[in-house]
Amino acid sequence: MTGPGRLIVVSNREPYIHEKTKKGIRCKVPAGGLVTALDPIMQKTKGIWIAWGSGNADAETADEHGRIMVPEQCPSYTLRRVWLNPKEINEYYFGFANQVIWPVCHLFQENAQFYRNYWETFKKVNERFTQAVAEEARPDDNIWVQDVHFALMPAALRKELPENNIALFWHIPFPPWETFSCIPWRREILEGLLGADLLGFHTASYVANFLSGIQKEFPEAQVSASAVRFGGRTTRVRAFPIGIDYTAYRSQGDSESIKKRAIKMRRQMGVKHIILGIDRLDYTKGILNRLLAFERFLENNPHYLGRVSFIQVASPTRSAIAKYKDMKRYIEETVGRVNGRFQQPQWTPIIYINRHVATNEVLTLYRLADVAMVTPIIDGMNLVAKEYVTVNDSGVLILSEFAGASEEMGSAIIVNPYDVESMAHAISKAISMTPEQRTRHIEPLRQIVKEHDIFWWLYTFLKEWGVTVQGLEDLGEEVEKGPMPPPFIGLRRDTL
Ligand code: ADQ
């Protein structure tokens, strides 16, 4: 154990974005699992978060070094923004991260574009972020790199800052080697990752895929079940299933205002059963097959016509990329076709919301929905599954066997997201469960989320890393005691 030092987090997405609006500059919190998970932690540790300054008012709200204290109402940690020009955004973010690593790791190689300029800019941006960390870091700081965008940073940081503790958490699946090896620059990516002291993945199977890939690419490496010895140093590799801020979701979801909103919405909708899907509009999330399953369910169960509605919230994401545009079009055509086929004057089968919704609305929908369908084609973890069972007391979770969450939440109704017919059956099964069956179904799931919340994730990761972090010295004790009290405005997302 060393330290306690500060925690420096590096991620692509910043936790607070300043945008110009007609009403002046507004601060918003972006959708996405990573920010949702790490902001409460940073509020406790008061460290530094280094990220791409992506808002059009980011520069004018930060100082000359790109620094700003956040959150606005309760400044508790430093956000250091790194600036990228349009070419870099296009080639590093939309290009390499989202059209090379993302599709390949989600087994959609056919969606990948292996352009050399994407790779060159990816390297350049990784160097730029490495320099930003070097400017901020003290020798006892613990540098925790987040996600695939900075796969090259652990090795680069190791060269630049040999004394610091360095770790990386990979938030998406790590695919079998046969798939990963199609990336022409796979060797450099793996070498970059092996600069870390500790590498975290969501599940044991991603760890196994990674380790077997290392063995194939570097036959000289010594690979055990949880470590790689290569180039004279050791990198530990382990699964840490990410959780949510359970206490914050539970208490806010249980508030009177959310309960009232849910009751009002149900009355307005006038249906007996409500099914929910909430995702970023990504081809990995399985939205299309889920809608087809709902259509098949209506076809097979005409007595439910007029009595069940499906709410699909799909927040726009990466919409400049052709595959995302295509997916959006297919989904919207399907919504139109299914509604056109079944709609009645007083009843809409699929309610489709194509925008980012505020936290209060998300919580209301979780509270309201009798069934949540979390059916990605493949997903690193999927936090929606965990949020839903936390907020809803008597709902049913239909969960894809290919979401990382299914490793822990195996008592959900598990489905194969490619199998539309069986998903339609899962819907019938879920909505015909009695209130007692639902409560029996959801309670153990909630218990798992409660025990393995975000602070448990953090604690286990830091413990394995062997570091102690300023502000988190009592974390072990608090984790043992159970879920923690909610941090200040821990859940405020896009509501300012
Ligand atoms: P994401 O792919 O972004 O994260 P996920 O884990 O589902 O996916 O988290 C999405 C978050 O955004 C949730 O907190 C959800 O409530 C919120 N959200 C989604 N749609 C929204 C909408 N329309 N409006 C408002 N909020 C919305 C990546 C990986 C995941 C992994 C996380 C964390 O792809 O597999 O679980 O990182 O590691």
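1. Strand 12 (residues 227-230) and strand 13 run antiparallel to each other in this predicted model, and four bridges join them. Within this pairing, Val 228 faces Thr 235 of strand 13. The two strands make a hairpin, with two residues between them. Gly 231 sits in the turn and has a positive phi of about 60°.

2. Strand 13 (residues 233-239) has another partner, strand 10 (residues 198-201). Here the sense is parallel, again with four bridges. Phe 201 is the residue opposite Ala 239 in strand 13.

3. Which residues are closest to the ligand? They are His 171, Arg 280, Asp 379, Met 381 and Glu 387, out of 26 residues that surround the ligand. By type, the shell has ten nonpolar, nine polar and seven charged residues.

4. For Lys 285, a polar side-chain atom is 3.0 Å from a ligand oxygen. For His 202, the distance from a side-chain N or O atom to a ligand oxygen is 3.1 Å. Asn 382 contributes through its backbone instead: a polar backbone atom there lies 2.9 Å from an oxygen of the ligand. On its own the ligand has 720 Å² of accessible area, and the protein covers 97% of that.

5. The last point concerns charged side chains. Those of opposite charge can pair when their charged atoms come close. The count of salt bridges in the model is 40. One of them joins the side chains of Asp 141 and Arg 6, at 2.7 Å from N to O. Asp 141 is in the loop between helix 4 (116-136) and strand 8 (142-146), while Arg 6 is in the loop between strand 1 (2-5) and strand 2 (7-11). The pair therefore ties together parts that are 135 residues apart in sequence.

Terms used. Residues are numbered from 1 along each chain as its sequence is written. This is a predicted model: local features need pLDDT of at least 70, side-chain atom pairs count only at pLDDT 80 or more; totals for chains, interfaces and linings use all residues. Side-chain values use heavy atoms; hydrogens and water are left out. A residue is near a molecule or strand if one of its heavy atoms lies within 4 Å of it. A polar contact is a pair of N or O atoms within 3.5 Å; within protein, one must be able to donate a hydrogen and the other to accept it, and residues adjacent in sequence count only if both atoms are side-chain atoms. Accessible areas come from the Shrake-Rupley method with a 1.4 Å probe; for residues, only the protein chains shown count as cover. Ala, Val, Leu, Ile, Met, Phe, Trp, Tyr, Cys and Pro count as nonpolar, Asp, Glu, Lys and Arg as charged, and the others, Gly among them, as polar. Two strands pair if DSSP finds at least two bridges between them. A salt bridge is a side-chain nitrogen of Lys or Arg within 4 Å of a carboxyl oxygen of Asp or Glu.
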